[in-house]
Amino acid sequence: MLNIQIKKDNAEYFLKMSGHCGYSEEGRDIVCAAASILCLSLVSLLENDESKLKEPPRIIVEKGLGEIAFHPKEEYSKEFSGAFLAIETGLELLEKAYPEYVSIISAKKPNQI
């Protein structure tokens, strides 16, 4: 199971993905590939726009773990909010389509964080 934690608080953003989907064998798991590309897209955005952040983002990406935390400067908050929402929406679509392989804990869901 891929466990995903999503938190947005006072313009601070946090995304953590841990585990493995287990939909298919490693290297052929389309659910894991979809989640991974969403995570890596956010990493790329942050690395390319680091000057728009209050401090360097915290990024950990390794096998079975992706963790991203960032805090945009106020003038870029809408830009990053939209980008984060797109990533979050993609992950929610994965959870809806593959609930036995993806689980999201989000501040949007009561009693989870």
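Student: Which residue is the bridge partner of Lys8 in β2?
Tutor: Tyr13 is the bridge partner of Lys8. Strands here are DSSP runs of E, at least two residues, and helices are runs of H or I, at least four residues, numbered from the N terminus. This is a predicted model, where local features need pLDDT of at least 70, side-chain atom pairs count only at pLDDT 80 or more, and totals for chains, interfaces and linings use all residues. Residues are numbered from 1 along each chain as its sequence is written, and side-chain values use heavy atoms, with hydrogens and water left out.

Student: How many bridges do β1 and β2 pair over, and in what sense?
Tutor: 8 bridges, antiparallel. Two strands pair if DSSP finds at least two bridges between them. β1 and β2 form a hairpin with 2 residues between them. Asn10, in the turn, has a positive phi of about 50 degrees.

Student: What stands opposite Tyr13 in β4?
Tutor: Phe70. β2 and β4 are antiparallel too, with 6 bridges.

Student: And what is the strand order in the sheet?
Tutor: β3-β4-β2-β1-β5, an open sheet of 5 strands with mixed pairing. The edge strands, β3 (58-62) and β5 (102-106), each pair on one side only. Neighbouring strands are turned by 10 degrees against each other on average, direction ignored. Axes are lines fitted to C-alpha atoms, for helices over the stretch in contact, and angles run from 0 to 180 degrees between N-to-C directions.

Student: How many bridges join β3 to β4?
Tutor: 5, and the two run antiparallel. Ile59 stands opposite Ile68 there.

Student: Which strands does α1 touch?
Tutor: Helix α1 (residues 30-48) packs on the sheet and touches β1, β2, β3, β4 and β5. Contact means heavy atoms within 4.5 Å. The direction of α1 makes about 30 degrees with that of β4. Helix α2 (residues 77-97) also packs on the sheet, touching β1, β2, β4 and β5.

Student: Now the pocket. How much space lies in the largest one?
Tutor: About 400 Å³. A pocket is an open set of points on a 1 Å grid over the protein atoms alone, where a 1.4 Å probe fits, with protein on both sides within 12 Å along at least five of seven lines; lining residues have an atom within 4 Å of a point. Grid points are joined across faces, edges and corners, and the volume is the space filled by probe spheres set on them.

Student: Which residues lie nearest its centre?
Tutor: Gly19, His20, Cys32, Ser36 and Gly64, out of 24 lining residues. α1 gives the most to the lining, with 5 residues.
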